[in-house]
Amino acid sequence: MGQIGSTQLPYSTARDQTSSDEERVLIQRVKAGDHEAFETIFRQHVSRVYRQAFKLIGNEAETEEVVQEVFLAVHKKVKTFRGESAFSTWLYRLTTNVALSRLRKRKRTKEVLLDDYLPRFQEDGHHEVRPVFNWGNELHLRLEKKELHQLIREALEELPPVDKAVIVLSDLEGISNREIGESLALSIPAVKARLHRARLFLRGKLAVSLGYSPS
Amino acid sequence: MVRRASAQRPHSKNANITCQHITALILDYVTGELNAETALAFKAHLRKCPDCIAFLSTYQKTVQAARSLRYESIPLQMRRRVRQFLRERIKVPPP
């Protein structure tokens, strides 16, 4: 049986490695108040900050505010960056925290009971609804790609903020569980538990959208 | 009474591994993080349980679908607005 595998993408690429000296100098210049260096940092990182923030926030207007807030925070806090991790790691942690803070303040318009979409089991440990139908191949047959993506985006919006952050960072950003744990102050088992629950919830939502039981 | 998926795992060697256990172990299975003994028990259960094969397949398809989401780059106008905002807020002199 094919496995999904842990295709974790590293924060830093080979190009980042070769340019790490240049980056160190650039950061020193920003720390010294060099506006041109700050503009360079902005140009280099704004697209990734935007994409990461958009995945977490889900709408353009609020994402723009998050991007503003992130770069203001960079300007304000860059002196606290000690170079123990790559600057990109520091920056994407900052982005996660700014976005998560906004998500936590957001009033949740509709309360979704996660449990309604999680699998259920009988006393003996068997699936509650049997047989379990393998609808995996129906996803692309019955749903347009755009429709499928919209369903997933809507389901992500219904997750509690930390669960959403975990699945976005893991499955959409390719960040390792260890890095996610460090970013969100969670243990690795806690990251995995939230990731699993979020995936099961998404699975349940997709099952229901195709007319099947989430169990 | 109906039970939900929990992280309960079988205590004894491969004994009585149930669909509920399998569901709790899927994440570690798909990333290859199960220890050898548990992985064997997992696979042995799959061989005799079409329900868990179906469940695992739909779990994997769900993860693949989430990973297939694509996002646009920052719109040019937004990029300009943010840069202007930052220049005003931190008094960056125009180029």
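At roughly what angle do the axes of helix α3 and helix α5 of chain A cross? The axes of α3 (residues 35-57) and α5 (residues 87-105) of chain A come within 10 Å and cross at roughly 30°. This is a predicted model, in which local features need pLDDT of at least 70, side-chain atom pairs count only at pLDDT 80 or more, and totals for chains, interfaces and linings use all residues. Residues are numbered from 1 along each chain as its sequence is written, while chains are lettered from A and ligands numbered from 1 in the order in which they are written.

**Confidence**
- The predictor assigns the complex an ipTM of 0.85 and a pTM of 0.85.
- Chain B has an average pLDDT of 86, and 80% of its residues score at least 70; pLDDT is the predictor's confidence in each residue, from 0 to 100.
- Over residues 6-12 of chain B, pLDDT stays under 50.
- Where pLDDT is low, the predicted coordinates should not be read in detail.

**Interface of chains A and B**
- In chain B, 44 residues are in contact with 55 residues of chain A (C-beta atoms, placed from the backbone, within 7 Å).
- β1 (3-4), α1 (19-30), α3 (50-67) and α4 (76-90) of chain B each give two or more residues to the side touching chain A (helices are DSSP runs of H or I, at least four residues, and strands of E, at least two, numbered from the N terminus).
- The most comes from α3(B), with 14 residues.

**Helix pair in chain A**
- Residues making the contact include A:His45 and A:Val49 of α3(A), and A:Leu91 and A:Tyr92 of α5(A).
- Axes here are lines fitted to C-alpha atoms, for helices over the stretch in contact, with angles from 0 to 180 degrees between N-to-C directions.

Methods: Two residues are in contact if their C-beta atoms, placed from the backbone, lie within 7 Å.
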